[in-house]
Amino acid sequence: MALKKLLQLFCVGKKDSKKKGKSIDPLWRASASRSSVSVTANKTRLDPCSSGTGTVCVQNHEPECSSMVSSWARTEHGTENTDHMSFSQFDVVQDFSDHHYAKTSAGKVTKDWVKSIQSEWNLLQKNLPESIYVRVYEDRIDLLRAAIVGPAGTPYHDGLFFFDVRFPSEYPKCPPKVYYHSGGLRLNPNLYESGKVCLSLLNTWWGNGCEKWGKSNSTLLQVLVSIQGLVLNDKPYFNEPGNKSSAQTTAGERYSLAYNQTAFVRSCKTMLYSLRKPPKHFETLVMCHFHEHERAILDACSAYMSGTIVGSSVGSNLKYVRDKCFADFHKSLTLYTEHLRTEFAANRRRVLELEREASAVQVQEIVCLAARVLLSKQTLLTGK
(Lines give C-alpha, C1' and ligand atoms only; values in the text may rest on other atoms or scores of the structure.)
Protein backbone atom coordinates (compact mmCIF):
# COMPACT_ATOMS: atom_id res chain seq x y z
CA MET A 1 0.00 0.00 0.00
CA ALA A 2 2.81 2.41 0.88
CA LEU A 3 4.41 1.82 -2.50
CA LYS A 4 1.09 2.42 -4.22
CA LYS A 5 0.56 5.73 -2.37
CA LEU A 6 4.07 6.87 -3.22
CA LEU A 7 3.42 6.06 -6.87
CA GLN A 8 0.21 8.10 -6.77
CA LEU A 9 1.91 10.97 -4.92
CA PHE A 10 4.65 11.36 -7.50
CA CYS A 11 2.48 10.30 -10.46
CA VAL A 12 4.83 7.45 -11.25
CA GLY A 13 3.34 4.57 -13.21
CA LYS A 14 4.07 2.24 -16.05
CA LYS A 15 5.27 3.96 -19.16
CA ASP A 16 2.70 4.25 -21.91
CA SER A 17 3.38 1.97 -24.82
CA LYS A 18 1.81 1.46 -28.19
CA LYS A 19 -1.07 -0.97 -28.00
CA LYS A 20 -0.08 -4.35 -29.38
CA GLY A 21 -3.12 -6.39 -28.35
CA LYS A 22 -4.45 -7.87 -25.13
CA SER A 23 -1.87 -8.93 -22.58
CA ILE A 24 -1.57 -11.51 -19.85
CA ASP A 25 -0.34 -10.92 -16.32
CA PRO A 26 -0.28 -12.92 -13.06
CA LEU A 27 -3.78 -11.63 -12.15
CA TRP A 28 -5.23 -12.69 -15.49
CA ARG A 29 -8.62 -14.38 -15.18
CA ALA A 30 -9.32 -15.12 -18.82
CA SER A 31 -10.95 -18.46 -19.54
CA ALA A 32 -9.18 -21.09 -21.62
CA SER A 33 -12.45 -22.06 -23.25
CA ARG A 34 -12.94 -22.41 -26.98
CA SER A 35 -12.62 -19.19 -28.92
CA SER A 36 -15.77 -17.14 -29.19
CA VAL A 37 -14.46 -15.57 -32.37
CA SER A 38 -16.61 -16.60 -35.31
CA VAL A 39 -14.26 -18.99 -36.99
CA THR A 40 -15.26 -21.50 -39.59
CA ALA A 41 -12.44 -23.66 -40.66
CA ASN A 42 -13.93 -23.84 -44.14
CA LYS A 43 -15.47 -27.14 -42.96
CA THR A 44 -11.89 -28.23 -42.80
CA ARG A 45 -11.13 -31.92 -42.62
CA LEU A 46 -8.57 -33.25 -40.23
CA ASP A 47 -6.09 -36.08 -40.34
CA PRO A 48 -7.86 -37.71 -39.01
CA CYS A 49 -11.40 -36.57 -39.85
CA SER A 50 -12.72 -34.39 -37.08
CA SER A 51 -15.85 -35.09 -35.13
CA GLY A 52 -16.29 -31.31 -34.97
CA THR A 53 -18.41 -29.43 -37.46
CA GLY A 54 -17.26 -25.86 -36.90
CA THR A 55 -16.11 -23.59 -39.70
CA VAL A 56 -13.97 -20.34 -39.69
CA CYS A 57 -15.19 -16.91 -41.01
CA VAL A 58 -12.98 -13.94 -40.36
CA GLN A 59 -13.05 -10.37 -41.52
CA ASN A 60 -10.39 -9.47 -44.06
CA HIS A 61 -8.35 -6.28 -43.80
CA GLU A 62 -6.59 -4.53 -46.65
CA PRO A 63 -2.80 -4.63 -46.21
CA GLU A 64 -0.67 -1.52 -46.15
CA CYS A 65 1.95 -1.83 -48.83
CA SER A 66 5.55 -1.12 -47.87
CA SER A 67 8.86 -1.96 -49.46
CA MET A 68 10.75 -1.31 -46.22
CA VAL A 69 9.92 -4.52 -44.37
CA SER A 70 11.84 -3.93 -41.12
CA SER A 71 10.76 -0.30 -40.90
CA TRP A 72 7.17 -1.29 -41.53
CA ALA A 73 7.36 -3.97 -38.84
CA ARG A 74 8.62 -1.50 -36.26
CA THR A 75 6.23 1.34 -37.05
CA GLU A 76 3.08 -0.65 -37.68
CA HIS A 77 3.38 -3.35 -35.04
CA GLY A 78 5.86 -2.05 -32.47
CA THR A 79 8.70 -4.00 -30.95
CA GLU A 80 8.86 -6.62 -28.26
CA ASN A 81 7.14 -5.74 -24.99
CA THR A 82 9.79 -5.65 -22.25
CA ASP A 83 7.38 -5.50 -19.31
CA HIS A 84 8.17 -8.80 -17.58
CA MET A 85 4.71 -9.15 -16.03
CA SER A 86 2.59 -8.61 -19.15
CA PHE A 87 2.35 -10.46 -22.43
CA SER A 88 0.78 -8.99 -25.54
CA GLN A 89 -1.18 -11.31 -27.77
CA PHE A 90 0.67 -10.11 -30.85
CA ASP A 91 4.16 -8.67 -30.99
CA VAL A 92 7.23 -8.26 -33.19
CA VAL A 93 10.51 -9.79 -31.97
CA GLN A 94 13.98 -10.31 -33.41
CA ASP A 95 15.78 -13.48 -32.33
CA PHE A 96 14.48 -16.45 -34.35
CA SER A 97 17.41 -18.78 -33.63
CA ASP A 98 15.31 -21.52 -31.97
CA HIS A 99 12.57 -21.47 -34.62
CA HIS A 100 12.09 -24.81 -36.38
CA TYR A 101 12.43 -23.18 -39.81
CA ALA A 102 15.27 -20.78 -38.86
CA LYS A 103 17.72 -22.42 -41.28
CA THR A 104 15.22 -22.62 -44.13
CA SER A 105 15.74 -19.88 -46.70
CA ALA A 106 12.89 -17.45 -47.21
CA GLY A 107 13.31 -17.89 -50.96
CA LYS A 108 12.58 -15.26 -53.57
CA VAL A 109 10.74 -12.31 -52.00
CA THR A 110 8.27 -10.32 -54.09
CA LYS A 111 6.22 -7.25 -53.39
CA ASP A 112 2.95 -9.22 -53.53
CA TRP A 113 4.35 -11.78 -51.08
CA VAL A 114 5.28 -9.03 -48.60
CA LYS A 115 1.79 -7.53 -48.95
CA SER A 116 0.28 -10.95 -48.19
CA ILE A 117 2.36 -11.25 -45.00
CA GLN A 118 1.36 -7.71 -43.99
CA SER A 119 -2.28 -8.67 -44.44
CA GLU A 120 -1.82 -11.76 -42.25
CA TRP A 121 -0.11 -9.71 -39.53
CA ASN A 122 -2.89 -7.12 -39.52
CA LEU A 123 -5.57 -9.79 -39.38
CA LEU A 124 -3.88 -11.59 -36.49
CA GLN A 125 -3.24 -8.40 -34.54
CA LYS A 126 -6.88 -7.35 -34.72
CA ASN A 127 -8.71 -10.68 -34.48
CA LEU A 128 -6.77 -13.14 -32.30
CA PRO A 129 -8.95 -14.91 -29.71
CA GLU A 130 -7.87 -14.31 -26.12
CA SER A 131 -6.38 -17.78 -25.86
CA ILE A 132 -3.99 -17.59 -28.83
CA TYR A 133 -0.68 -15.68 -28.75
CA VAL A 134 1.58 -14.87 -31.70
CA ARG A 135 5.13 -13.62 -32.20
CA VAL A 136 6.43 -12.55 -35.61
CA TYR A 137 10.03 -11.75 -36.53
CA GLU A 138 11.24 -8.36 -37.72
CA ASP A 139 14.13 -9.72 -39.81
CA ARG A 140 12.36 -12.88 -41.02
CA ILE A 141 8.78 -12.00 -41.79
CA ASP A 142 8.32 -15.44 -43.32
CA LEU A 143 8.48 -16.94 -39.80
CA LEU A 144 5.96 -16.89 -36.97
CA ARG A 145 5.39 -18.69 -33.67
CA ALA A 146 2.02 -19.25 -32.00
CA ALA A 147 0.95 -20.50 -28.58
CA ILE A 148 -2.54 -21.99 -28.22
CA VAL A 149 -4.24 -22.50 -24.86
CA GLY A 150 -6.02 -25.85 -24.63
CA PRO A 151 -9.83 -25.40 -24.59
CA ALA A 152 -11.90 -26.07 -21.45
CA GLY A 153 -13.93 -29.28 -21.49
CA THR A 154 -11.22 -31.21 -23.34
CA PRO A 155 -8.26 -33.34 -22.21
CA TYR A 156 -6.07 -30.39 -23.28
CA HIS A 157 -7.57 -27.81 -20.92
CA ASP A 158 -5.14 -25.26 -19.42
CA GLY A 159 -2.24 -26.58 -21.49
CA LEU A 160 0.00 -24.51 -23.76
CA PHE A 161 0.76 -25.82 -27.24
CA PHE A 162 3.38 -24.22 -29.47
CA PHE A 163 3.53 -24.09 -33.25
CA ASP A 164 6.19 -22.73 -35.61
CA VAL A 165 4.97 -21.37 -38.95
CA ARG A 166 6.72 -20.50 -42.20
CA PHE A 167 5.23 -18.66 -45.17
CA PRO A 168 6.84 -20.16 -48.30
CA SER A 169 7.75 -17.94 -51.25
CA GLU A 170 4.70 -19.30 -53.13
CA TYR A 171 2.35 -18.05 -50.40
CA PRO A 172 -0.63 -17.46 -50.59
CA LYS A 173 -0.93 -19.79 -53.57
CA CYS A 174 0.05 -22.59 -51.21
CA PRO A 175 -0.64 -22.85 -47.44
CA PRO A 176 1.88 -22.02 -44.70
CA LYS A 177 4.09 -24.75 -43.29
CA VAL A 178 3.24 -25.56 -39.66
CA TYR A 179 5.36 -27.47 -37.15
CA TYR A 180 4.08 -28.61 -33.75
CA HIS A 181 6.49 -28.69 -30.78
CA SER A 182 5.54 -32.19 -29.66
CA GLY A 183 8.39 -33.05 -27.31
CA GLY A 184 8.22 -36.48 -28.92
CA LEU A 185 4.65 -37.04 -27.68
CA ARG A 186 1.58 -38.02 -29.70
CA LEU A 187 -1.26 -36.49 -27.68
CA ASN A 188 -3.67 -36.11 -30.59
CA PRO A 189 -4.27 -38.07 -33.81
CA ASN A 190 -3.61 -34.88 -35.81
CA LEU A 191 -0.40 -33.85 -34.05
CA TYR A 192 2.45 -36.23 -34.79
CA GLU A 193 5.57 -36.89 -32.73
CA SER A 194 7.54 -35.60 -35.71
CA GLY A 195 5.79 -32.21 -35.46
CA LYS A 196 3.58 -32.78 -38.49
CA VAL A 197 0.14 -31.17 -38.28
CA CYS A 198 -2.48 -32.97 -40.35
CA LEU A 199 -5.25 -30.64 -41.46
CA SER A 200 -6.99 -30.32 -44.80
CA LEU A 201 -6.65 -26.53 -44.60
CA LEU A 202 -2.87 -27.07 -44.68
CA ASN A 203 -3.20 -29.58 -47.53
CA THR A 204 -1.65 -32.21 -45.26
CA TRP A 205 -4.84 -34.27 -45.30
CA TRP A 206 -7.53 -34.95 -47.86
CA GLY A 207 -10.39 -32.55 -48.41
CA ASN A 208 -12.68 -31.20 -51.10
CA GLY A 209 -13.30 -27.67 -52.34
CA CYS A 210 -13.34 -25.11 -49.52
CA GLU A 211 -12.07 -27.73 -47.07
CA LYS A 212 -8.62 -27.19 -48.57
CA TRP A 213 -6.43 -24.10 -48.71
CA GLY A 214 -7.64 -21.34 -51.01
CA LYS A 215 -5.29 -18.50 -51.94
CA SER A 216 -8.06 -15.89 -51.93
CA ASN A 217 -10.06 -16.91 -48.87
CA SER A 218 -7.84 -18.87 -46.46
CA THR A 219 -5.75 -17.31 -43.68
CA LEU A 220 -3.37 -18.33 -40.93
CA LEU A 221 -5.94 -17.16 -38.37
CA GLN A 222 -8.28 -19.84 -39.72
CA VAL A 223 -5.51 -22.41 -39.34
CA LEU A 224 -4.79 -21.48 -35.71
CA VAL A 225 -8.42 -21.43 -34.63
CA SER A 226 -9.05 -24.70 -36.50
CA ILE A 227 -6.26 -26.34 -34.52
CA GLN A 228 -7.69 -25.04 -31.26
CA GLY A 229 -11.35 -25.79 -31.95
CA LEU A 230 -11.29 -28.82 -34.25
CA VAL A 231 -8.06 -30.65 -33.44
CA LEU A 232 -7.91 -30.03 -29.68
CA ASN A 233 -11.51 -31.12 -29.19
CA ASP A 234 -13.29 -33.02 -26.42
CA LYS A 235 -13.22 -36.40 -28.19
CA PRO A 236 -9.99 -36.55 -30.22
CA TYR A 237 -10.22 -40.35 -30.51
CA PHE A 238 -12.84 -39.87 -33.24
CA ASN A 239 -10.47 -37.66 -35.26
CA GLU A 240 -8.91 -40.91 -36.46
CA PRO A 241 -10.60 -41.93 -39.75
CA GLY A 242 -11.03 -45.53 -38.69
CA ASN A 243 -12.67 -44.55 -35.41
CA LYS A 244 -15.24 -42.06 -36.62
CA SER A 245 -17.79 -44.74 -37.47
CA SER A 246 -17.75 -46.00 -33.87
CA ALA A 247 -18.88 -42.65 -32.44
CA GLN A 248 -21.95 -42.93 -30.19
CA THR A 249 -21.47 -46.67 -29.82
CA THR A 250 -20.72 -48.27 -26.46
CA ALA A 251 -17.36 -49.60 -27.57
CA GLY A 252 -16.39 -46.37 -29.33
CA GLU A 253 -17.23 -44.21 -26.33
CA ARG A 254 -15.28 -46.51 -24.04
CA TYR A 255 -12.19 -46.26 -26.24
CA SER A 256 -12.68 -42.49 -26.44
CA LEU A 257 -12.65 -42.18 -22.64
CA ALA A 258 -9.44 -44.22 -22.47
CA TYR A 259 -7.84 -42.07 -25.19
CA ASN A 260 -8.67 -38.91 -23.24
CA GLN A 261 -6.87 -40.33 -20.21
CA THR A 262 -3.71 -40.82 -22.25
CA ALA A 263 -4.09 -37.41 -23.91
CA PHE A 264 -4.36 -35.66 -20.54
CA VAL A 265 -1.30 -37.39 -19.10
CA ARG A 266 0.69 -36.39 -22.20
CA SER A 267 -0.67 -32.86 -21.93
CA CYS A 268 0.71 -32.77 -18.37
CA LYS A 269 4.09 -33.90 -19.69
CA THR A 270 3.93 -31.14 -22.28
CA MET A 271 3.31 -28.63 -19.46
CA LEU A 272 6.47 -29.88 -17.75
CA TYR A 273 8.50 -29.43 -20.94
CA SER A 274 7.22 -25.85 -21.34
CA LEU A 275 7.94 -24.95 -17.72
CA ARG A 276 11.47 -26.37 -17.86
CA LYS A 277 12.39 -24.92 -21.23
CA PRO A 278 9.89 -22.34 -22.51
CA PRO A 279 10.19 -21.38 -26.18
CA LYS A 280 12.08 -18.15 -26.83
CA HIS A 281 9.94 -15.01 -26.48
CA PHE A 282 7.22 -16.97 -24.64
CA GLU A 283 8.95 -17.24 -21.26
CA THR A 284 6.63 -14.66 -19.69
CA LEU A 285 3.52 -16.32 -21.08
CA VAL A 286 4.56 -19.72 -19.72
CA MET A 287 5.41 -18.27 -16.30
CA CYS A 288 2.24 -16.19 -15.93
CA HIS A 289 -0.13 -18.75 -17.46
CA PHE A 290 0.89 -21.58 -15.17
CA HIS A 291 1.13 -19.26 -12.16
CA GLU A 292 -2.50 -18.37 -12.80
CA HIS A 293 -3.75 -21.87 -13.64
CA GLU A 294 -1.69 -24.13 -11.39
CA ARG A 295 -4.49 -24.58 -8.81
CA ALA A 296 -7.06 -25.44 -11.49
CA ILE A 297 -4.65 -27.95 -13.07
CA LEU A 298 -3.78 -29.64 -9.77
CA ASP A 299 -7.44 -29.74 -8.72
CA ALA A 300 -8.29 -31.39 -12.04
CA CYS A 301 -5.52 -33.95 -11.54
CA SER A 302 -6.88 -34.81 -8.09
CA ALA A 303 -10.42 -35.11 -9.42
CA TYR A 304 -9.35 -37.33 -12.31
CA MET A 305 -7.36 -39.58 -9.98
CA SER A 306 -10.49 -39.96 -7.85
CA GLY A 307 -12.42 -41.18 -10.90
CA THR A 308 -13.90 -38.03 -12.47
CA ILE A 309 -14.07 -38.21 -16.27
CA VAL A 310 -11.23 -36.26 -17.94
CA GLY A 311 -12.50 -32.99 -19.36
CA SER A 312 -15.60 -32.79 -17.17
CA SER A 313 -15.92 -30.28 -14.32
CA VAL A 314 -14.21 -31.09 -11.03
CA GLY A 315 -17.55 -31.52 -9.24
CA SER A 316 -19.04 -33.73 -11.94
CA ASN A 317 -20.79 -36.98 -11.02
CA LEU A 318 -19.45 -38.66 -14.17
CA LYS A 319 -17.03 -41.36 -13.02
CA TYR A 320 -14.74 -43.93 -14.61
CA VAL A 321 -15.17 -47.65 -14.15
CA ARG A 322 -12.39 -48.78 -11.78
CA ASP A 323 -10.76 -51.25 -14.18
CA LYS A 324 -7.14 -51.95 -15.16
CA CYS A 325 -7.18 -49.11 -17.67
CA PHE A 326 -8.10 -46.67 -14.91
CA ALA A 327 -5.49 -48.17 -12.58
CA ASP A 328 -2.74 -47.54 -15.16
CA PHE A 329 -4.03 -44.00 -15.73
CA HIS A 330 -4.10 -43.34 -11.97
CA LYS A 331 -0.51 -44.53 -11.59
CA SER A 332 0.80 -42.36 -14.45
CA LEU A 333 -1.14 -39.28 -13.42
CA THR A 334 0.02 -39.59 -9.80
CA LEU A 335 3.63 -39.49 -10.98
CA TYR A 336 3.21 -36.46 -13.26
CA THR A 337 1.08 -34.59 -10.73
CA GLU A 338 4.00 -34.68 -8.30
CA HIS A 339 6.35 -33.44 -11.03
CA LEU A 340 3.92 -30.61 -11.77
CA ARG A 341 3.76 -29.64 -8.09
CA THR A 342 7.53 -29.32 -8.04
CA GLU A 343 7.67 -27.24 -11.23
CA PHE A 344 4.75 -25.04 -10.16
CA ALA A 345 6.53 -24.29 -6.88
CA ALA A 346 9.68 -23.29 -8.77
CA ASN A 347 7.55 -21.16 -11.10
CA ARG A 348 5.96 -19.38 -8.11
CA ARG A 349 9.41 -18.53 -6.81
CA ARG A 350 10.34 -17.03 -10.19
CA VAL A 351 7.19 -14.89 -10.16
CA LEU A 352 7.85 -13.65 -6.62
CA GLU A 353 11.46 -12.86 -7.46
CA LEU A 354 10.43 -10.81 -10.48
CA GLU A 355 7.78 -9.00 -8.45
CA ARG A 356 10.39 -8.07 -5.84
CA GLU A 357 12.75 -6.83 -8.55
CA ALA A 358 9.96 -4.76 -10.10
CA SER A 359 9.09 -3.23 -6.72
CA ALA A 360 12.74 -2.35 -6.12
CA VAL A 361 12.95 -0.63 -9.51
CA GLN A 362 9.76 1.32 -8.81
CA VAL A 363 11.05 2.47 -5.41
CA GLN A 364 14.31 3.59 -7.02
CA GLU A 365 12.36 5.55 -9.65
CA ILE A 366 10.29 7.22 -6.92
CA VAL A 367 13.40 8.21 -4.94
CA CYS A 368 15.04 9.67 -8.04
CA LEU A 369 11.88 11.57 -8.94
CA ALA A 370 11.52 12.91 -5.40
CA ALA A 371 15.13 14.07 -5.45
CA ARG A 372 14.55 15.90 -8.75
CA VAL A 373 11.39 17.55 -7.37
CA LEU A 374 13.20 18.71 -4.20
CA LEU A 375 16.14 19.98 -6.23
CA SER A 376 13.77 21.87 -8.51
CA LYS A 377 12.01 23.49 -5.53
CA GLN A 378 15.34 24.43 -3.94
CA THR A 379 16.47 26.02 -7.19
CA LEU A 380 13.29 28.10 -7.38
CA LEU A 381 13.65 29.26 -3.75
CA THR A 382 17.31 30.24 -4.07
CA GLY A 383 16.93 31.64 -7.52
CA LYS A 384 20.01 29.73 -8.67
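Buried here means under 20% relative accessible area. Keep that cut-off in mind. This is a predicted model.

Start with Gln-228. Its relative accessible area is 1%, so Gln-228 counts as buried. The residue sits in helix α4, residues 220-231. What does its side chain find there? A polar atom of the Gln-228 side chain lies 3.0 Å from the backbone oxygen of Val-149.

Now the whole chain. It has seven helices and seven strands. Along the sequence, the order runs α-β-α-β-β-α-β-β-β-β-α-α-α-α. Of the 384 residues, 49% are buried. The chain exposes about 18,600 Å², and carbon and sulfur atoms supply 53% of that. Take contacts with a separation of 6 or more: 70% of them join residues 24 or more positions apart.

Back to α4, and its partner α3. Helix α3 covers residues 111-127, and its axis passes 9 Å from that of α4. The packing angle is about 45°. That angle makes α3 oblique to α4. Which residues meet? From α3 come Glu-120, Leu-123, Leu-124 and Asn-127; from α4 come Leu-220, Leu-221 and Leu-224. By class, that contact has five nonpolar residues, one polar and one charged.

Next, backbone geometry. Most residues other than glycine have a negative phi, and most peptide bonds are trans. Here are some exceptions.

First, Asp-158. Its phi is near 70°, a positive value, and the residue is not a glycine. Asp-158 lies in the loop between β5, residues 143-149, and β6. Buried or exposed? At 10% relative accessibility, Asp-158 is buried, because the cut-off is under 20%.

Then Asn-203. Its phi is positive too, about 60°, and again this is not a glycine. Asn-203 belongs to the loop between β7 and α4. Its relative accessible area is 37%, so Asn-203 is partly exposed.

Then the peptide bond between Tyr-171 and Pro-172. It is cis, with omega about 5°. Pro-172 is in the loop that links β6, residues 160-166, to β7, residues 177-180.

Last stop, helix α7. It spans residues 324-382 and holds Asp-328. With a relative accessible area of 39%, Asp-328 is partly exposed. How far is Asp-328 from Thr-262? They are 66 residues apart in sequence, and 9.8 Å apart in space, C-alpha to C-alpha.

To recap the opening residue: Gln-228 is buried at 1%, and its side chain has a polar atom 3.0 Å from the Val-149 backbone oxygen.

Conventions. Residues are numbered from 1 along each chain as its sequence is written. This is a predicted model: local features need pLDDT of at least 70, side-chain atom pairs count only at pLDDT 80 or more; totals for chains, interfaces and linings use all residues. Side-chain values use heavy atoms; hydrogens and water are left out. Helices (H or I, at least four residues) and strands (E, at least two) are DSSP runs, numbered from the N terminus. Buried means under 20% relative accessible area, exposed over 50%, partly exposed in between (1.4 Å probe, protein chains only). A polar contact is a pair of N or O atoms within 3.5 Å; within protein, one must be able to donate a hydrogen and the other to accept it, and residues adjacent in sequence count only if both atoms are side-chain atoms. Contact means heavy atoms within 4.5 Å. Accessible areas come from the Shrake-Rupley method with a 1.4 Å probe; for residues, only the protein chains shown count as cover. Axes are lines fitted to C-alpha atoms, for helices over the stretch in contact, and angles run from 0 to 180 degrees between N-to-C directions. Angles under 35 degrees count as roughly parallel, over 145 as roughly antiparallel, 65 to 115 as roughly perpendicular and the rest as oblique. Ala, Val, Leu, Ile, Met, Phe, Trp, Tyr, Cys and Pro count as nonpolar, Asp, Glu, Lys and Arg as charged, and the others, Gly among them, as polar.
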